[in-house]
Amino acid sequence: MPFAAAVVICFFVLMISLLIYVFPMLSMHPLANGAIEGTDIITIKNRSNNLFFIPSGEDWIVIDAGSDIKSIKQEMEQLSIDERRVKSVFLTHTDYDHVASIPLFPNAAIYMSKQEKQMIDGSTNRQFVKKNSLPKSNNSNKIIYLTDNEVTDFYNHKIRIIHAPGHTKGSAMYALDEKYLFTGDAFKITDNRILVHPYTMDRKMAQKTIQSIKAELKNYEKVFTAHYGFIENNIT
Ligand SMILES: [Zn+2]
């Protein structure tokens, strides 16, 4: 094959790969920084996703850790959240954009689904040869693995894990006091419909998860996603 033809093919392959990766990002619409109206939850927007901070007495519970430590730290200062007071981080799954800022919360215990362990212990690849991992920090070895429906009790809150596999093999959601649901990347929201999230490992499994949880969603006041804001009781 002539060199010029090879260059053109490589260029197109690169452009198509870029489009496949970049296009879904453009439709993401995370929430703006600050308090979520009608709740005591605070969110920080980090690149294309949200971290959620839940007050628990003097401490904070965080759902997903985000990726850009520097900007999260700045926003936390603006919102008067002391990172030393973050005592628990619940991970919906172990993709980079949800875990990379774990070192920002050195006093936090890390909670995640037992099924997600395979994604970070080297036994299941995320994509082709790519593996997930947690960043090195003094708490990355102190993980509390949760089984489906296990409830973790806090000073003034209860958090129940609900398995929602598909996006990754052990993806999970968290119900806060059976009032709010944090779904991570279990699905995306488009025009108030819930659909399979982009970059999903096993679309069939994700679809099955969506079918099994759809009817339950109306039981929550608000259903928060990581990249697409939240929905309230009018889910189709
Ligand atoms: Zn994500």
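## Helix H2

In helix H2 (residues 69-78), the buried residues are Ile 72, Glu 75 and Met 76. Buried means 20 or more other C-beta atoms within 10 Å of the residue's own, exposed means 12 or fewer, and C-beta atoms are placed from the backbone. The buried residues of H2 fall within an arc of 105° seen down its axis, so they line one face of the helix; the arc is that of the directions from the helix axis to the C-beta atoms. Exposed on the other side of H2 are Lys 70, Gln 74, Glu 77 and Gln 78.

The cover over the buried residues of H2 includes strand E2 (42-46) and strand E3 (49-56), where contact means C-beta atoms, placed from the backbone, within 7 Å. Just after H2, Ser 80 has a positive phi of about 55°.

## Basis of the model

This is a predicted model: local features need pLDDT of at least 70, side-chain atom pairs count only at pLDDT 80 or more, and totals for chains, interfaces and linings use all residues. Residues are numbered from 1 along each chain as its sequence is written. Helices (H or I, at least four residues) and strands (E, at least two) are DSSP runs, numbered from the N terminus.

## The open sheet

Six strands make an open sheet of mixed pairing, in the order E8-E9-E10-E11-E14-E15; strands pair if DSSP finds at least two bridges between them. Strand E8 (151-153) and strand E15 (230-231) are at the edges with a single partner strand each, so one side of each has no neighbour in the sheet. E8 pairs with strand E9 (residues 158-163) in the antiparallel sense over three bridges.

## Whole chain

The protein chain holds five helices and 15 strands. Buried residues are 38% of its 236 residues.

Key: Two residues are in contact if their C-beta atoms, placed from the backbone, lie within 7 Å.
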